[in-house]
Amino acid sequence: MRRVLILGGTAEARALAAELSGRVHVVSSLAGRVRDPRLPVGEVHVGGFGGAEGLAAWLTAERIDAVVDATHPFAARMTASAVAACRTAGRPLLVLRRPGWAPRSGWRPADSLEEAARLLPSVGSRVFLTTGRRSMPVFAGLTDLWFLARSVDPPEPPIPGNFLILLARGPYTVEGERELIRAHGLDVLVTKDSGGSLTVAKLDAFEEAGLPVIVVRRPPLPEGPMAVETVAAAAAWVSAV
């Protein structure tokens, strides 16, 4: 049976592992950054590989026939390592990325978290920050603003005094996001263009309230690998290679 590595951690990665189960031997790789991750079906590898060189060696040692990078749209370092490793090991690589969100009224695009932080003081003062726990230090210097920062796992201390941490995991509801806006007097949302439906409710709630949203654009994909947007297309690619 052919062996396929799925670089995962996303809903699409879990769905692809389930779709391929029984047709190929699937190994799903999780970075290990989430304390209690949702596990896919099949074999699971938790933790890193030691960069592109380590991943290339692992692909050879484990006799992996093909790789699907279904990591988060902002996992640019992992995607770059996958491209380099597959090139070194001579393995075919596919990138599976869910479509980004369509722009809405009230959006302010930013090319990076740092640009989003620079924009914030001119846009709002009570911030709903949903860019992930590892990004919070970028905003820590904005001491004149107040933040409700939502993440799956707690951020590393120290936590600034103007941050309230909300631990939660999607999917979220519009009603729940409305209540957060009301209860905390939120007047601006900062988010990444993750795409998908699990976290889209915050966009609906802020648009409904007429409040601005700063959206960090996705990093561009590296040149070389084919990219698809659906699990079905990824499964068809695996069957064809």
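This is a predicted model: local features need pLDDT of at least 70, side-chain atom pairs count only at pLDDT 80 or more; totals for chains, interfaces and linings use all residues.
What covers the buried residues of H7? The answer includes strand S1 (3-7), helix H1 (11-20), strand S4 (66-69), strand S5 (93-96) and strand S12 (226-228).

## The whole protein

The secondary structure of the protein comes to seven helices and 12 strands. The radius of gyration is 19 Å, close to the 18 Å that the globule rule gives for 241 residues, so the protein is as compact as a globular protein of that length. Along the principal axes, the C-alpha atoms fill a box of roughly 55 × 30 × 30 Å. Of the 241 residues, 45% are buried. Residues 24 or more positions apart account for 64% of them.

## Helix H7 and its cover

Helix H7 spans residues 231-240. Its buried residues are Ala 234, Ala 235, Trp 237 and Val 238. They cover an arc of only 160 degrees around the axis, which puts them on the same side of H7. On the other side, Ala 232 and Ala 240 are exposed.

S4 is part of the cover over H7. What is the state of the two faces of S4? Both are covered. Ala 66 and Val 68 are buried on one side, and Val 67 and Asp 69 are buried on the other.

S4 also pairs with S1 and with S5. S1 and S4 run in the parallel sense, joined by four bridges. Here Val 4 has Ala 66 in S4 as its bridge partner. S4 and S5 are parallel too, with three bridges between them. Asp 69 has Val 95 in S5 as its bridge partner.

## Helix H2

Helix H2 covers residues 51-61. Its buried residues are Gly 54, Leu 55, Ala 56, Trp 58 and Leu 59. What do they pack against? The partners are S1, strand S2 (25-30), strand S3 (43-46), S4 and H3. Just after H2 comes Arg 63, with a positive phi of about 55 degrees.

## The six-stranded sheet

Another part of the protein holds an open sheet of six strands. Their order is S6-S11-S10-S7-S8-S9, and the pairing is parallel. Strand S6 (107-110) and strand S9 (163-167) sit at the edges, and each pairs on one side only. From one strand to the next, the twist averages 20 degrees.

Look at one pair in this sheet. Strand S8 (residues 146-151) runs parallel to S9, joined by five bridges. Phe 147 stands opposite Phe 163 in S9.

Two helices pack with these strands. Helix H5 (residues 174-184) packs on the sheet and touches strand S7 (126-130), S8 and S9. The direction of H5 makes about 155 degrees with that of S8. Helix H6 (residues 201-208) lies across S6, S7, S8, strand S10 (188-192) and strand S11 (213-216). H6 runs at about 150 degrees to S10.

## Helix H5 up close

Which residues of H5 are buried? They are Glu 177, Leu 180 and Ile 181. Seen down the axis of H5, these residues fall within an arc of 95 degrees, so they line one face of the helix. The face turned away from the buried side carries the exposed residues Glu 175 and Arg 182. What covers the buried residues of H5 includes S7, S8, S9 and H6. After H5 comes Gly 185, with a positive phi near 60 degrees.

| H7 | Ala 234, Ala 235, Trp 237, Val 238 | 160 degrees |

## A loop residue

Pro 103 lies in the loop between S5 and S6. Is Pro 103 buried or exposed? The relative accessible area of Pro 103 is 71%, and exposed means over 50%, so Pro 103 is exposed. Pro 103 and Val 215 are 112 residues apart in sequence. In space, their C-alpha atoms are 9.1 Å apart.

Conventions: Residues are numbered from 1 along each chain as its sequence is written. Side-chain values use heavy atoms; hydrogens and water are left out. Two strands pair if DSSP finds at least two bridges between them. Axes are lines fitted to C-alpha atoms, for helices over the stretch in contact, and angles run from 0 to 180 degrees between N-to-C directions. Contact means heavy atoms within 4.5 Å. Buried means under 20% relative accessible area, exposed over 50%, partly exposed in between (1.4 Å probe, protein chains only). The arc is that of the directions from the helix axis to the C-beta atoms. The radius of gyration is taken over C-alpha atoms; the globule rule is 2.2 Å times the number of residues to the power 0.38.
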